[in-house]
Amino acid sequence: MAELFYDADADLSIIQGRKVAVIGYGSQGHAHALSLRDSGVDVRVGLHEGSKSKAKAEEQGLRVVTPAEASKEADVIMVLVPDPIQAQVYEESIKDNLKEGDALFFGHGLNIRFGFIKAPEGVDVCMVAPKGPGHLVRRQYEEGRGVPCIAAVEQDATGKGFDLALSYAKGIGGTRAGVIKTTFTEETETDLFGEQAVLCGGTAALVKAGFETLVEAGYQPEIAYFECLHELKLIVDLMYEGGLEKMRWSVSETAEWGDYVTGPRIITDATKAEMKKVLAEIQDGTFAKNWMDEYHGGLKKYNEYKTQDSEHLLETTGKELRKLMSWVNDNE
Ligand code: NAD
Ligand code: MG
Ligand code: MG
Ligand code: MG
Ligand code: MG
(Lines give C-alpha, C1' and ligand atoms only; values in the text may rest on other atoms or scores of the structure.)
(Ligands and ions follow the chains in the order given, each with its own letter.)
Protein backbone atom coordinates (compact mmCIF):
# COMPACT_ATOMS: atom_id res chain seq x y z
CA MET A 1 0.00 0.00 0.00
CA ALA A 2 1.12 3.52 -0.79
CA GLU A 3 2.18 5.71 2.13
CA LEU A 4 -0.09 8.75 2.40
CA PHE A 5 0.58 12.01 4.24
CA TYR A 6 -1.84 14.78 5.20
CA ASP A 7 -1.74 18.26 6.80
CA ALA A 8 -1.24 16.81 10.27
CA ASP A 9 1.87 14.91 9.09
CA ALA A 10 3.55 18.02 7.68
CA ASP A 11 5.19 20.92 9.52
CA LEU A 12 4.71 24.16 7.58
CA SER A 13 7.24 25.98 9.77
CA ILE A 14 10.09 24.05 8.11
CA ILE A 15 9.56 25.65 4.71
CA GLN A 16 8.61 28.95 6.40
CA GLY A 17 12.09 28.92 7.91
CA ARG A 18 13.80 28.59 4.53
CA LYS A 19 14.34 30.89 1.56
CA VAL A 20 12.74 29.48 -1.56
CA ALA A 21 13.60 30.21 -5.20
CA VAL A 22 11.07 29.16 -7.81
CA ILE A 23 12.86 29.05 -11.17
CA GLY A 24 10.32 29.51 -13.99
CA TYR A 25 6.85 31.01 -13.89
CA GLY A 26 4.80 28.81 -16.18
CA SER A 27 2.03 26.37 -15.38
CA GLN A 28 3.60 24.95 -12.21
CA GLY A 29 5.93 27.85 -11.36
CA HIS A 30 3.22 30.45 -10.87
CA ALA A 31 1.12 28.08 -8.75
CA HIS A 32 4.02 27.14 -6.46
CA ALA A 33 5.37 30.67 -6.07
CA LEU A 34 2.00 32.31 -5.31
CA SER A 35 0.74 29.60 -2.96
CA LEU A 36 4.02 29.38 -1.04
CA ARG A 37 3.95 33.17 -0.68
CA ASP A 38 0.37 32.99 0.61
CA SER A 39 1.49 30.28 3.04
CA GLY A 40 3.94 32.71 4.61
CA VAL A 41 7.05 31.46 2.84
CA ASP A 42 9.88 33.76 1.71
CA VAL A 43 9.76 33.33 -2.09
CA ARG A 44 11.59 34.86 -5.01
CA VAL A 45 11.08 33.93 -8.66
CA GLY A 46 14.05 33.31 -10.96
CA LEU A 47 13.53 34.31 -14.60
CA HIS A 48 15.96 34.94 -17.42
CA GLU A 49 16.37 38.47 -18.84
CA GLY A 50 13.58 39.25 -21.28
CA SER A 51 11.21 36.62 -19.91
CA LYS A 52 7.61 37.30 -20.84
CA SER A 53 6.48 36.03 -17.43
CA LYS A 54 8.43 38.69 -15.51
CA ALA A 55 5.78 41.41 -15.66
CA LYS A 56 3.06 38.95 -14.68
CA ALA A 57 4.94 37.69 -11.63
CA GLU A 58 5.68 41.23 -10.50
CA GLU A 59 2.06 42.30 -11.00
CA GLN A 60 1.10 39.43 -8.73
CA GLY A 61 3.35 40.84 -6.04
CA LEU A 62 6.36 38.57 -6.39
CA ARG A 63 9.96 39.64 -6.48
CA VAL A 64 11.70 38.56 -9.69
CA VAL A 65 15.46 38.23 -10.04
CA THR A 66 17.66 36.20 -12.40
CA PRO A 67 17.82 32.43 -11.90
CA ALA A 68 21.40 32.81 -10.64
CA GLU A 69 20.51 35.51 -8.09
CA ALA A 70 17.48 33.55 -6.95
CA SER A 71 19.60 30.43 -6.45
CA LYS A 72 22.23 32.40 -4.59
CA GLU A 73 19.73 34.00 -2.19
CA ALA A 74 17.73 30.86 -1.57
CA ASP A 75 18.42 27.58 0.22
CA VAL A 76 15.54 25.71 -1.43
CA ILE A 77 15.62 25.90 -5.22
CA MET A 78 12.60 24.55 -7.11
CA VAL A 79 13.35 24.00 -10.79
CA LEU A 80 10.19 24.58 -12.83
CA VAL A 81 11.51 25.46 -16.28
CA PRO A 82 10.74 23.05 -19.17
CA ASP A 83 12.45 19.67 -18.69
CA PRO A 84 14.72 19.83 -21.78
CA ILE A 85 16.36 23.10 -20.66
CA GLN A 86 16.70 22.29 -16.96
CA ALA A 87 20.24 20.91 -17.34
CA GLN A 88 21.39 24.10 -19.08
CA VAL A 89 19.73 26.37 -16.49
CA TYR A 90 21.29 24.21 -13.77
CA GLU A 91 24.81 24.47 -15.27
CA GLU A 92 24.58 28.21 -15.98
CA SER A 93 22.69 29.54 -12.98
CA ILE A 94 22.19 27.06 -10.16
CA LYS A 95 25.20 24.77 -9.76
CA ASP A 96 27.68 27.36 -8.55
CA ASN A 97 25.16 28.84 -6.15
CA LEU A 98 24.50 25.65 -4.19
CA LYS A 99 25.82 25.48 -0.67
CA GLU A 100 26.01 22.52 1.66
CA GLY A 101 22.58 21.97 3.25
CA ASP A 102 20.67 23.57 0.38
CA ALA A 103 17.88 21.64 -1.29
CA LEU A 104 17.29 21.21 -5.00
CA PHE A 105 13.63 20.58 -5.80
CA PHE A 106 11.92 19.30 -8.94
CA GLY A 107 8.34 18.88 -10.16
CA HIS A 108 9.31 15.92 -12.35
CA GLY A 109 12.26 13.56 -12.04
CA LEU A 110 13.53 13.21 -15.62
CA ASN A 111 16.77 15.17 -15.34
CA ILE A 112 17.85 13.47 -12.12
CA ARG A 113 16.68 9.99 -13.13
CA PHE A 114 18.66 10.02 -16.38
CA GLY A 115 21.68 11.88 -15.04
CA PHE A 116 21.36 15.11 -17.06
CA ILE A 117 21.67 16.94 -13.73
CA LYS A 118 24.07 15.64 -11.09
CA ALA A 119 23.63 17.44 -7.80
CA PRO A 120 26.68 17.80 -5.56
CA GLU A 121 26.95 15.83 -2.33
CA GLY A 122 25.73 17.77 0.68
CA VAL A 123 22.59 18.97 -1.11
CA ASP A 124 19.13 17.44 -0.62
CA VAL A 125 17.44 16.44 -3.87
CA CYS A 126 13.67 16.32 -3.51
CA MET A 127 10.55 16.22 -5.61
CA VAL A 128 7.07 17.59 -5.06
CA ALA A 129 4.94 16.86 -8.10
CA PRO A 130 1.28 17.85 -8.05
CA LYS A 131 -0.88 15.36 -9.93
CA GLY A 132 -2.65 18.09 -11.86
CA PRO A 133 -1.97 21.09 -14.07
CA GLY A 134 -0.58 24.21 -12.40
CA HIS A 135 -3.70 26.29 -12.85
CA LEU A 136 -5.76 23.73 -10.95
CA VAL A 137 -3.07 23.58 -8.24
CA ARG A 138 -3.40 27.33 -7.71
CA ARG A 139 -7.20 27.44 -7.90
CA GLN A 140 -7.61 24.58 -5.44
CA TYR A 141 -5.21 26.26 -3.02
CA GLU A 142 -7.16 29.53 -3.20
CA GLU A 143 -10.39 27.64 -2.52
CA GLY A 144 -8.92 26.09 0.62
CA ARG A 145 -8.42 22.69 -0.98
CA GLY A 146 -5.49 21.11 -2.77
CA VAL A 147 -4.34 18.83 -5.56
CA PRO A 148 -2.80 15.51 -4.46
CA CYS A 149 0.98 15.47 -4.82
CA ILE A 150 3.64 12.84 -4.94
CA ALA A 151 6.89 13.46 -3.11
CA ALA A 152 10.29 11.84 -3.21
CA VAL A 153 13.84 12.25 -1.98
CA GLU A 154 16.68 11.14 -4.24
CA GLN A 155 19.55 12.42 -2.11
CA ASP A 156 19.02 12.93 1.60
CA ALA A 157 22.12 14.88 2.57
CA THR A 158 20.58 16.44 5.68
CA GLY A 159 18.58 13.36 6.67
CA LYS A 160 15.52 15.63 6.75
CA GLY A 161 14.72 15.77 3.05
CA PHE A 162 11.33 14.12 3.24
CA ASP A 163 10.09 16.38 6.06
CA LEU A 164 11.17 19.35 3.95
CA ALA A 165 9.36 17.98 0.89
CA LEU A 166 6.19 17.42 2.94
CA SER A 167 6.44 20.93 4.33
CA TYR A 168 6.80 22.33 0.80
CA ALA A 169 3.81 20.24 -0.33
CA LYS A 170 1.80 21.71 2.56
CA GLY A 171 2.75 25.19 1.38
CA ILE A 172 1.07 24.59 -1.99
CA GLY A 173 -1.99 22.84 -0.52
CA GLY A 174 -0.89 19.31 -1.42
CA THR A 175 -1.24 17.78 2.04
CA ARG A 176 -4.85 19.04 2.24
CA ALA A 177 -5.63 16.44 -0.43
CA GLY A 178 -2.90 13.90 0.37
CA VAL A 179 0.72 13.28 -0.57
CA ILE A 180 1.95 9.87 -1.72
CA LYS A 181 5.57 8.89 -1.18
CA THR A 182 7.40 7.77 -4.30
CA THR A 183 10.92 7.73 -5.75
CA PHE A 184 12.42 9.75 -8.62
CA THR A 185 12.68 6.50 -10.58
CA GLU A 186 9.07 5.49 -10.08
CA GLU A 187 7.68 8.97 -10.78
CA THR A 188 9.77 9.53 -13.91
CA GLU A 189 9.22 6.14 -15.49
CA THR A 190 5.47 5.94 -14.77
CA ASP A 191 4.89 9.54 -15.84
CA LEU A 192 6.64 9.01 -19.19
CA PHE A 193 4.92 5.67 -19.74
CA GLY A 194 1.48 7.02 -18.85
CA GLU A 195 1.67 10.00 -21.16
CA GLN A 196 3.11 7.97 -24.05
CA ALA A 197 1.19 4.72 -23.91
CA VAL A 198 -2.16 5.79 -22.50
CA LEU A 199 -2.95 9.45 -21.85
CA CYS A 200 -1.54 11.30 -24.84
CA GLY A 201 -0.01 8.88 -27.33
CA GLY A 202 -2.32 5.91 -26.87
CA THR A 203 -5.50 7.98 -26.72
CA ALA A 204 -4.62 10.22 -29.68
CA ALA A 205 -3.75 7.20 -31.84
CA LEU A 206 -6.95 5.39 -30.82
CA VAL A 207 -9.10 8.42 -31.63
CA LYS A 208 -7.39 8.95 -34.98
CA ALA A 209 -7.62 5.30 -36.02
CA GLY A 210 -11.32 5.14 -35.11
CA PHE A 211 -12.08 8.39 -36.94
CA GLU A 212 -10.17 7.26 -40.06
CA THR A 213 -11.93 3.88 -40.08
CA LEU A 214 -15.36 5.52 -40.13
CA VAL A 215 -14.44 8.19 -42.70
CA GLU A 216 -12.74 5.65 -45.01
CA ALA A 217 -15.96 3.59 -44.85
CA GLY A 218 -17.85 6.59 -46.22
CA TYR A 219 -19.39 8.09 -43.08
CA GLN A 220 -19.45 11.88 -42.61
CA PRO A 221 -16.36 13.27 -40.83
CA GLU A 222 -18.59 15.36 -38.54
CA ILE A 223 -20.40 12.26 -37.31
CA ALA A 224 -17.11 10.39 -36.94
CA TYR A 225 -15.67 13.31 -34.93
CA PHE A 226 -18.56 13.22 -32.46
CA GLU A 227 -18.32 9.45 -32.03
CA CYS A 228 -14.56 9.12 -31.71
CA LEU A 229 -13.40 12.35 -30.04
CA HIS A 230 -16.17 14.53 -28.63
CA GLU A 231 -17.92 11.79 -26.66
CA LEU A 232 -14.67 10.57 -25.20
CA LYS A 233 -14.86 13.33 -22.59
CA LEU A 234 -18.19 12.10 -21.31
CA ILE A 235 -16.83 8.56 -20.99
CA VAL A 236 -13.61 9.66 -19.31
CA ASP A 237 -15.53 11.88 -16.85
CA LEU A 238 -17.50 8.81 -15.74
CA MET A 239 -14.32 6.75 -15.33
CA TYR A 240 -12.74 9.61 -13.38
CA GLU A 241 -15.73 9.73 -11.02
CA GLY A 242 -16.26 6.03 -10.49
CA GLY A 243 -13.87 3.88 -12.49
CA LEU A 244 -14.84 1.54 -15.31
CA GLU A 245 -17.81 0.39 -13.24
CA LYS A 246 -19.52 3.79 -13.22
CA MET A 247 -18.93 4.22 -16.95
CA ARG A 248 -20.51 0.80 -17.59
CA TRP A 249 -23.41 1.59 -15.29
CA SER A 250 -24.14 4.76 -17.23
CA VAL A 251 -23.85 3.56 -20.83
CA SER A 252 -26.43 1.27 -22.45
CA GLU A 253 -26.16 -2.49 -22.02
CA THR A 254 -25.46 -2.68 -25.73
CA ALA A 255 -22.48 -0.37 -25.31
CA GLU A 256 -21.35 -2.32 -22.28
CA TRP A 257 -21.48 -5.65 -24.16
CA GLY A 258 -19.54 -4.11 -27.06
CA ASP A 259 -16.98 -2.86 -24.56
CA TYR A 260 -16.37 -6.40 -23.22
CA VAL A 261 -16.17 -8.21 -26.54
CA THR A 262 -14.51 -5.60 -28.78
CA GLY A 263 -12.09 -3.78 -26.47
CA PRO A 264 -9.69 -6.73 -26.29
CA ARG A 265 -9.78 -7.05 -30.11
CA ILE A 266 -8.52 -3.44 -30.38
CA ILE A 267 -5.97 -3.42 -27.58
CA THR A 268 -4.50 -6.88 -28.17
CA ASP A 269 -1.67 -8.95 -26.70
CA ALA A 270 0.49 -7.42 -29.44
CA THR A 271 -0.38 -3.93 -28.16
CA LYS A 272 0.58 -4.92 -24.65
CA ALA A 273 3.83 -6.47 -25.89
CA GLU A 274 4.62 -3.15 -27.58
CA MET A 275 3.78 -1.30 -24.35
CA LYS A 276 6.39 -3.44 -22.59
CA LYS A 277 8.95 -2.43 -25.22
CA VAL A 278 7.99 1.24 -24.77
CA LEU A 279 8.48 0.86 -21.02
CA ALA A 280 11.85 -0.83 -21.49
CA GLU A 281 13.03 2.05 -23.70
CA ILE A 282 11.93 4.51 -21.03
CA GLN A 283 13.70 2.55 -18.29
CA ASP A 284 17.01 2.16 -20.14
CA GLY A 285 17.13 5.89 -21.02
CA THR A 286 16.67 5.46 -24.80
CA PHE A 287 13.54 7.61 -24.86
CA ALA A 288 15.08 10.42 -22.77
CA LYS A 289 18.26 10.46 -24.88
CA ASN A 290 16.33 10.53 -28.18
CA TRP A 291 14.07 13.31 -26.91
CA MET A 292 16.99 15.46 -25.74
CA ASP A 293 18.74 14.92 -29.11
CA GLU A 294 15.55 15.89 -30.94
CA TYR A 295 15.02 18.98 -28.74
CA HIS A 296 18.57 20.25 -29.01
CA GLY A 297 18.75 19.34 -32.71
CA GLY A 298 16.08 21.96 -33.45
CA LEU A 299 12.87 19.90 -33.09
CA LYS A 300 12.71 18.97 -36.79
CA LYS A 301 10.71 15.74 -36.50
CA TYR A 302 8.64 17.19 -33.66
CA ASN A 303 7.54 20.06 -35.91
CA GLU A 304 6.86 17.69 -38.81
CA TYR A 305 4.56 15.55 -36.66
CA LYS A 306 2.87 18.65 -35.30
CA THR A 307 2.13 20.04 -38.77
CA GLN A 308 0.98 16.66 -40.10
CA ASP A 309 -1.53 16.23 -37.32
CA SER A 310 -2.79 19.82 -37.43
CA GLU A 311 -3.72 19.23 -41.08
CA HIS A 312 -5.47 15.93 -40.33
CA LEU A 313 -9.18 15.83 -41.23
CA LEU A 314 -9.97 15.05 -37.58
CA GLU A 315 -8.51 18.40 -36.56
CA THR A 316 -9.94 20.52 -39.37
CA THR A 317 -13.37 18.95 -38.81
CA GLY A 318 -13.17 19.55 -35.08
CA LYS A 319 -12.18 23.17 -35.52
CA GLU A 320 -15.41 23.85 -37.45
CA LEU A 321 -17.64 21.75 -35.23
CA ARG A 322 -16.47 23.32 -32.00
CA LYS A 323 -17.75 26.67 -33.27
CA LEU A 324 -21.25 25.22 -32.93
CA MET A 325 -20.63 24.44 -29.27
CA SER A 326 -20.51 27.72 -27.42
CA TRP A 327 -19.87 25.92 -24.13
CA VAL A 328 -16.64 24.35 -25.34
CA ASN A 329 -13.85 26.55 -24.13
CA ASP A 330 -11.67 26.82 -27.18
CA ASN A 331 -8.75 29.22 -27.29
CA GLU A 332 -7.95 28.76 -30.96
P1 NAD B 1 5.96 25.74 -18.52
O2 NAD B 1 6.41 25.49 -19.91
O3 NAD B 1 4.53 26.04 -18.27
O4 NAD B 1 6.77 26.97 -17.90
C5 NAD B 1 8.14 27.10 -18.02
C6 NAD B 1 8.60 28.41 -17.41
O7 NAD B 1 10.02 28.46 -17.51
C8 NAD B 1 8.08 29.66 -18.10
O9 NAD B 1 7.72 30.58 -17.12
C10 NAD B 1 9.30 30.19 -18.84
O11 NAD B 1 9.27 31.56 -18.95
C12 NAD B 1 10.40 29.75 -17.92
N13 NAD B 1 11.69 29.67 -18.57
C14 NAD B 1 11.98 29.25 -19.82
N15 NAD B 1 13.29 29.33 -20.03
C16 NAD B 1 13.86 29.79 -18.89
C17 NAD B 1 15.18 30.08 -18.48
N18 NAD B 1 16.21 29.90 -19.30
N19 NAD B 1 15.38 30.53 -17.21
C20 NAD B 1 14.35 30.71 -16.37
N21 NAD B 1 13.08 30.46 -16.71
C22 NAD B 1 12.84 30.01 -17.95
O23 NAD B 1 6.47 24.52 -17.62
P24 NAD B 1 5.60 23.56 -16.68
O25 NAD B 1 4.63 22.79 -17.51
O26 NAD B 1 5.14 24.32 -15.49
O27 NAD B 1 6.71 22.50 -16.23
C28 NAD B 1 7.68 22.78 -15.23
C29 NAD B 1 8.05 21.47 -14.55
O30 NAD B 1 6.90 20.93 -13.88
C31 NAD B 1 8.53 20.38 -15.49
O32 NAD B 1 9.53 19.66 -14.82
C33 NAD B 1 7.29 19.53 -15.69
O34 NAD B 1 7.58 18.19 -16.05
C35 NAD B 1 6.68 19.60 -14.30
N36 NAD B 1 5.24 19.33 -14.21
C37 NAD B 1 4.36 20.05 -14.97
C38 NAD B 1 3.00 19.83 -14.84
C39 NAD B 1 2.01 20.68 -15.61
O40 NAD B 1 0.87 20.67 -15.22
N41 NAD B 1 2.35 21.43 -16.63
C42 NAD B 1 2.52 18.86 -13.96
C43 NAD B 1 3.45 18.16 -13.16
C44 NAD B 1 4.80 18.42 -13.30
MG1 MG C 1 2.07 13.00 -15.73
MG1 MG D 1 5.03 14.36 -17.90
MG1 MG E 1 -22.63 6.88 -29.39
MG1 MG F 1 -25.10 -0.01 -18.30
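Predicted model: local features only at pLDDT ≥ 70, side-chain atom pairs only at ≥ 80, totals over all residues.
Biologist: Take Gln28. What makes Gln28 count as buried or exposed?

Modeller: The number of C-beta neighbours inside 10 Å, which for Gln28 is 25. A residue is buried if that number is 20 or more, so Gln28 counts as buried. Gln28 belongs to helix H2, residues 27-38.

Biologist: And Gly134, is Gly134 buried or exposed, and how do you know?

Modeller: Gly134 has 20 other C-beta atoms within 10 Å. The cut-off for buried is 20 or more, therefore Gly134 is buried. Gly134 is placed in helix H7, which runs over residues 134-142.

Biologist: What is Gln28 in contact with, apart from its neighbours within four places in sequence?

Modeller: Leu80, Gly107 and Gly134. Contact requires C-beta atoms within 7 Å.

Biologist: Why is Ser252 called exposed?

Modeller: Within 10 Å of Ser252 there are 9 other C-beta atoms. Exposed means 12 or fewer, so Ser252 is exposed.

Biologist: What does the record say about residues 183-328?

Modeller: The unreviewed UniProt entry annotates them as "domain: KARI C-terminal knotted". In the model, this span is 83% helix and 0% strand, and its end C-alpha atoms lie 38 Å apart.

Biologist: Why is helix H10 called roughly parallel to H11?

Modeller: The axes of H10 (residues 184-199) and H11 cross at roughly 10 degrees and come within 3 Å. Angles under 35 degrees count as roughly parallel, so H10 is roughly parallel to H11. Gln196, Ala197, Val198 and Leu199 of H10 make the contact with Gly201, Gly202 and Thr203 of H11. By class, these residues are three nonpolar, four polar and no charged.

Biologist: How do you know whether H11 is roughly parallel or antiparallel to H12?

Modeller: From the angle between their axes: H11 (residues 201-216) and H12 (residues 221-230) cross at roughly 150 degrees, and the axes come within 9 Å. The cut-off for roughly antiparallel is over 145, which makes H11 roughly antiparallel to H12. The crossing is right-handed. On the H11 side, the contact is made by Val207, Gly210, Phe211, Leu214 and Val215, and on the H12 side by Pro221, Ala224, Tyr225, Glu227, Cys228 and Leu229.

Biologist: What classes of residue make up the contact of H11 with H12?

Modeller: Nine nonpolar, one polar and one charged.

Biologist: What makes Leu299 partly exposed?

Modeller: Leu299 has 13 other C-beta atoms within 10 Å.

How values were computed
Residues numbered from 1 in each chain as written. Chains lettered and ligands numbered in written order. UniProt positions renumbered as here; feature names shortened; annotations may be inferred. Helix = DSSP H or I, 4+ residues; strand = E, 2+ residues; numbered from the N terminus. Axes fitted to C-alpha atoms, helices over the stretch in contact; angles between N-to-C directions. Parallel < 35°, antiparallel > 145°, perpendicular 65-115°, else oblique. Left-handed = near helix turned anticlockwise from the far one by under 90°. Contact = placed C-beta atoms within 7 Å. Nonpolar A, V, L, I, M, F, W, Y, C, P; charged D, E, K, R; others polar.
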